[in-house]
Amino acid sequence: MTLRKLEFCIVMAFVMPIISLAQSPSLTIKGKVLSDKDPVVLATVVVAETHTRAFTNIDGEFSITLDEKGEYTLYISASGYRNSTQTINLSQEEYSFEFTLTKDALGLDQVVVSATRNRVERKKAPVVISSIRTRLLNATQSTTLADGLGYAPGVRVENNCQNCGFTQVRLNGLQGAYTQILLNSRPVFTSLLGVYGLEQIPVNTIDRIEVVRSGGSALYGSNAIAGTVNVITKDPVLNTWEIGSAISSIKGDALDRNLNFNSSIVADDLQTGVTLYGSYRNRDAYDANDDGFTELVEIDNTTVGAKAFLKPHERSRISLNLNAIKEYRRGGDRLDLAPQFTDITEELQHDTFIGGADYEWESTDYSHKLQAYTSTSYTNRDSYYGGLGGSRTRQDSLIANNAFGTTKDLAWVTGVQHTKSFTRDVITSGLEYVTTNTEDEIPGYNRSIDQQVNTIGFYSQYEWKPTEKVTALLGARLDHVNVDGKYSVGTVLREVSIDQTAISPRLTMSYDLTKQIKLRAGYARGFRAPQAFNEDLHISSVGGEQLFVILSEDLKTEYSNAFTSSFNYSLSKNLLQLDFLVEGFYTTIQDPFTQVSTGATLNNGSILEEVRNGSGATVFGSNIEIGVSPSSDWRFQIGATYQESRYDDEQLLFESDGTLGEADIFIDEFVRNPNWYGFLNATWLPSEKFNVDLTSTYTGRMNVPRVISDSGFLQINRSNPFLDMNLKVETHFDYSDDFMITISGGVRNIFDSFQDDFDTGATRDSDYVYGPMAPRTVFLGIKIGKMH
């Protein structure tokens, strides 16, 4: 052998193993994720050691490629199922397995987005969050968002008007204006939408509702003093279609008819998809006391919408959502006549458009995530608030003919958010611009609201995990708010011009005492700049005249400090699931906005209320929630809230104008706030073809003001407690994989627990409403389609 050949052999002896290693075939993990022998679509499979991830296709199959042999831990999760892990030893070029997931009856492993503005498992979230899912909305036979929202701790929904059906949601004892309502995590739910919007969003468009109580949600905006309600609409996941219809009989005197459809189309590679949905509702007006005036208003609502996504590649996603709502509602008397010929009519025609677009991008190692978004809502409203008021004078007729109004309401939000994930910690920062513009005109009353609010907010949050058991959220939101508003009623003119900057810090700590026990505590600061909120846009009928709300002069910004703490025990073992939560809350409010009836009658006969700064207020109490699912056949959830809402000093509620027999009225606690309220859900699922649901809400005693004179003079009444219980029975028929039928029926408010002392006649106080939103109602429904 020559020297040159020997050198060649030596070199090749070293190079060949390297070439062989470099060209070694990649290692592949293939598998299938099932539940009850059915494939689980869009399950996420993550390799813990490399952070490599894959998603199951329409057949529940996935494939992951790795570079080296060895031991790996797979983390498998899917919406509606319990998370699971499996360790595998990869010693061959291809490894295949079949994995079965168990359904998550209590939603403990559900991924939520409202707690930290990032996706996180609910039971691991450092902030307490409640989730109302589609299953519960169906169990309660909910038609709209307002019907199903009260089945979470600390949440209560109430009807505030017999003439128009104004509804609001109260969190932890605070009024609706203290709650930030989000649609797909965006604050486009304006003050005008806050008046009637809870009844304008049909449940067939909703995937889930996430509720964050108290100020722990400060990163969503300064108004989230009581918390946030985040309505997440349905995403396209499977190729499905569904048509449903339901009819309800309200005490045998009025019908509520509903027709809806949903359809989703998803590409085989799961890279594109679209969901289309629509809903039509027609409800007759209902008169509870046969006085000829409504307690439940007539509603005619048509809603259509779509939600679509496109994934340019595995680490980016573009999504689009569109909603159009056309609603007519009317209450009062003699609904067959033109409104100006009646004693009382509140008639509203809403045309609302809501839309948004989002772009998400993740880096190759998934450590960086960027979101850019824009959303908008626009409402064009024609209104009539008026009537003859029980009289037939020439002046009454002139006023009645001038009670027509128009409203234009625009909201637009745009922003960017960046998330940086480290081995344990996460930093989230974002910039958000929100603008709202409201123009409300009723020329006949010289009533005008011309308000523009612009907010530029910067937020940043550090999710620090010094150990496996400890998590701290350190964050703040810096808002620059500009309010430019002009308000007039009759000859009363007010202006607000504010340009201020405020910081809202947030601190939350959680500690995993054991694998099952989590302790949480938090603090957040919030503020509300002077402006017209939900209740201020509502016009009431009192004593045959209209009652208007206007901002007082020199109204100051109100600030809040919210403290929370909680104990949470969660257990998932075999088929058993158990969840126990005790949560305490304590909120102080400086210069709270309060409505004071001035006792003043305007030249046109209307009554005026002013929004003034009250003395400080304190809201404190506790939420308790217990959830148990001993097996796949049974599920139980019960929740209760005890709260007190008190002013530091006595607060003026009615200011006398010197009328004989009338004096100033003071209160020391919030009105319309029961100390006790709660809910119950119980489900029996003996088979896939049959289920029974028993649901209930409880409302305790509360102080409710009632106007008893045409000057606005009040008396405070103490209401009785109410137990509103519902029963629903449902059966399913699966004729094939592509066609199914579901038939359901039942009774809402079985015991007919309903207010029995409504004010009556043309001079009634239409705001004297409390208790359950409807009397006993019998319903029957049917759905057909490919539902899963």
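## Glu-463 and Lys-465

Glu-463 is buried, at a relative accessible area of 9%, while Lys-465 is partly exposed, at 29%. Buried means under 20% relative accessible area, exposed over 50%, and partly exposed in between (1.4 Å probe, protein chains only). The side chains of Glu-463 and Lys-465 form a salt bridge, with 3.9 Å from N to O. A salt bridge is a side-chain nitrogen of Lys or Arg within 4 Å of a carboxyl oxygen of Asp or Glu.

## Basis of the values

This is a predicted model, in which local features need pLDDT of at least 70 and side-chain atom pairs count only at pLDDT 80 or more, while totals for chains, interfaces and linings use all residues. Residues are numbered from 1 along each chain as its sequence is written, and side-chain values use heavy atoms, with hydrogens and water left out.

## Arg-528 and Glu-558

A salt bridge also joins the side chains of Arg-528 and Glu-558, at 2.4 Å from N to O. Arg-528 belongs to strand β29 (residues 517-528) and Glu-558 to strand β32 (residues 558-573), so the pair links distant parts of the chain, 30 residues apart. Strands (E, at least two residues) are DSSP runs, numbered from the N terminus. Arg-528 is buried, with 3% relative accessibility, and Glu-558 is buried, with a relative accessible area of 0%.

## Asp-738 and Lys-786

The side chains of Asp-738 and Lys-786 meet in a salt bridge of 3.5 Å, N to O. Asp-738 sits in the loop between β43 (722-736) and β44 (739-748), and Lys-786 in strand β45 (residues 777-786), so the pair ties together parts 48 residues apart in sequence.

## Totals and a network

The structure holds 44 salt bridges. Arg-117, Glu-432, Arg-477 and Asp-479 are linked in a salt-bridge network.

Technical notes
Helices (H or I, at least four residues) and strands (E, at least two) are DSSP runs, numbered from the N terminus.
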